[in-house]
Amino acid sequence: MESTRRKLIDLLSRYPDEFVSGQVLSEQLNITRSAIWKHMKELEKDGYVIQSVPRKGYRILKNPDKLSANTIQWGLSTNWLGSRVIFEKTTDSTQVIAHHLGREGAQHGTVVVADEQVKGRGRLNRTWYSKKGDGIWMSLILRPEVEPQQAPQLTLLSAVAIVEALEEITDLAFYIKWPNDIYVHDHKIAGILTEMQAEQDQINYIVQGIGLNVNQNREDFNMISDNEPTSLKIETGMAWNRRPLIQVILQQIERLYERYLKEGFLPIKTMWEERAYRLGQPIMVSSKNQNWQGIFKGIDQDGALIVTDQKGRDHVLYSAEINWRSGGHE
Ligand code: BTN
């Protein structure tokens, strides 16, 4: 039933300006014309506006803004990422649901999306503000056949994919601030939280949480003190429909993931470095109670930060406080 409806949308979306006759639809989908009509009524309930003209057929006038498992899947051109979508209007955190599903054996590529999270969480135990309808709050369940040490590579991969998706739909330039914050005009717009369940040499599953600020206004961020986040609406001056955005992000992640499986991490690392925030510039590093200035050189195979000190020696840092803006002068 669900997959018939999905095929129906795919067929109609292929000819956006034309009518597709009931007969063609019924032949292609192998169902009766009255069944087609019933599906159209269901689509309207999901927010589609469908024009139906006798002897001409059907066409979609408007896609729904509303998020649901169905609307996310219709028109999604991935092979496995999002083949199962779980949508919640409100939840504590999509991470919690995804972990639960992961433990129960949910398939690789399952996606959990929420309209609102009341206990959204970020890296380093920070709170992630996830107000209703304002952003994309989703968690992906991945079961990659790679070593647990390689898991950070998948976070870097998704960061690149999100930047590619955002640059596909806007005219803005986005950057990745190590390890995986997405920045635009010096403000954070998205973050990734990767959590893994693994044995010593085998990944059981990964839950990758993605938070993207979409329709918040500047006032919505007043209560957040650190690093003044931004949203797509603040940066572009217009509100965005989240459904196509989610689709483009999933498509880009799947595309890069397939490339990663075929070609390894090197192309992803290169793409990451091309989009790295302040690459080649001075930064202040605080590690092991020492502060020193260095040049941000790049990342290594594990996604660790490489910083060159003033004597020209490279340091590989897995975790450190970085003062990105200072370069030792502020
Ligand atoms: C960060 O930059 O600190 C990571 C933010 C990750 C937020 C997302 S929103 C969907 C998923 N559910 C959560 O509770 N967190 C992640």
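**Entry 1. Basis.** I worked on a predicted model, where local features need pLDDT of at least 70, side-chain atom pairs count only at pLDDT 80 or more, and totals for chains, interfaces and linings use all residues. Residues are numbered from 1 along each chain as its sequence is written, and side-chain values use heavy atoms, with hydrogens and water left out.

**Entry 2. Annotated site.** I looked up the UniProt record, an unreviewed entry, which places the feature "binding site" at Q117, R121, G122, R123 and K188. UniProt positions are given in the numbering used here, feature names are shortened, and annotations may be inferred rather than shown by experiment. From this set, R121, G122 and R123 belong to the lining of the second largest pocket. A pocket is an open set of points on a 1 Å grid over the protein atoms alone where a 1.4 Å probe fits, with protein on both sides within 12 Å along at least five of seven lines; lining residues have an atom within 4 Å of a point.

I then examined G122, which sits in the loop between β4 (110-117) and β5 (135-142). Strands are DSSP runs (E, at least two residues) and helices likewise (H or I, at least four), numbered from the N terminus. G122 is buried at a relative accessible area of 13%; buried means under 20%, exposed over 50%, and partly exposed in between (1.4 Å probe, protein chains only). Not counting residues up to four places away in sequence, G122 touches T127, W128 and L193, where contact means heavy atoms within 4.5 Å.

R123 is found in the loop between β4 and β5 and is partly exposed, at 28% relative accessibility. With residues up to four places away in sequence not counted, R123 touches P179, N180, D181, I192 and L193.

**Entry 3. Aromatic pairs.** I found 6 aromatic pairs in the structure. Rings of Phe, Tyr and Trp (its six-membered ring) pair if their centres lie within 6.5 Å; planes under 30 degrees apart count as stacked, over 60 as edge-to-face and the rest as tilted. Y183 and Y277 form a tilted pair, 5.2 Å centre to centre with 40° between the planes. This pair links distant parts of the chain, 94 residues apart: Y183 is in strand β7 (residues 181-184) and Y277 in the loop between α9 (266-274) and β10 (282-287). Y183 is buried at 3% relative accessibility, and Y277 is buried at 7%.

The pair of F296 and W324 is edge-to-face, because the ring centres are 5.5 Å apart and the planes stand at 75°. F296 lies in strand β11 (residues 290-299) and W324 in the segment after β14 (321-323), so the pair ties together parts that are 28 residues apart in sequence. F296 is buried at 0% relative accessibility, as is W324 at 7%. I noted that ring pairs link Y183, Y277, F296 and W324 into a cluster.

**Entry 4. Sheet.** I traced an open sheet of 5 strands in the order β13-β12-β11-β10-β14, with antiparallel pairing. Two strands pair if DSSP finds at least two bridges between them. β13 (314-317) and β14 stand at the edges with a single partner strand each, so one side of each is left without a neighbour in the sheet. Strand β12 (residues 305-308) pairs with β13 over 4 bridges in the antiparallel sense.
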